[in-house]
Amino acid sequence: MEIKGKIIVALPEVSGVSKASGNPWKKREYVLETAETYPKKVHFDFFGERADQYPLSVGDDITLSFDIESREYQGRWYTSIRGWKAEKAGTAPTAPVDVPIPPVPDMTGMAADPDSDLPF
């Protein structure tokens with residue numbers, strides 16, 4: 001899913017160590033405001049290596065690609081918006097490297113055979 005808007009809050013990075021695996025983790029949280037007639041505020045985060053991959057600042061106009069996750073804890077349900085990509089407005093995605101196209105071979109000697117059954 002995608003949403004466009006402006007970053008209005010950049011919360012401090014949160015980190016810790018997983019009790020289950022003992023691996024370190026971190027996340028960065030932001031609040032985005034949409035540019036609609038009735039703007040909406042959306043809280044989201046980047047988790048793990050994506051926290052460093054997409055550094056955002058207050059005032060950045062972005063397109064956020066995200067997943068919505070819900071989980072149950074002690075009979076209550078909690079929903080989070082987990083970002084997986086952010087593109088800043090005005091920055092085009094990286095273009096592929098130009099690969100030269102080989103020239104088209106000369107086919108003048110390959111005229112259609114009038115006795116052929118082929119339609120081309």
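T63 counts as buried in this predicted model, its relative accessibility being 16%, which puts T63 below the 20% cut-off. The residue sits in strand β5, spanning residues 61-73. Leaving aside residues up to four places away in sequence, T63 touches E2, I3 and K4, along with K85, A86 and E87.

Two of those neighbours of T63, K85 and E87, also pair up with each other: their side chains form a salt bridge, 3.5 Å from N to O. Both are partly exposed, K85 at 28% relative accessibility and E87 at 31%.

R82 is partly exposed at 21%, and so is E69 at 33%.

Across the whole structure, a search turns up 10 salt bridges. One of them joins R28 and D52, with the closest N and O atoms 3.7 Å apart. Here the link runs between distant parts of the chain, from R28 in strand β3 (residues 24-33) to D52 in helix α1 (residues 50-53), 24 residues apart. R28 has a relative accessible area of 22% and D52 one of 41%; R28 is partly exposed, as is D52.

As for the overall picture, the chain holds 1 helix and 6 strands, in the order β-β-β-β-α-β-β. Of its 120 residues, 21% are buried. The chain exposes about 9,600 Å², with carbon and sulfur atoms supplying 57% of that area.

How values were computed: Residues numbered from 1 in each chain as written. Predicted model: local features only at pLDDT ≥ 70, side-chain atom pairs only at ≥ 80, totals over all residues. Heavy atoms only, no water. Helix = DSSP H or I, 4+ residues; strand = E, 2+ residues; numbered from the N terminus. Buried < 20%, exposed > 50% of the residue type's maximum accessible area, 1.4 Å probe, protein only. Areas by Shrake-Rupley, 256 points an atom, 1.4 Å probe, with all protein chains shown as cover. Contact = heavy atoms within 4.5 Å. Salt bridge = Lys/Arg side-chain N within 4 Å of Asp/Glu carboxyl O.
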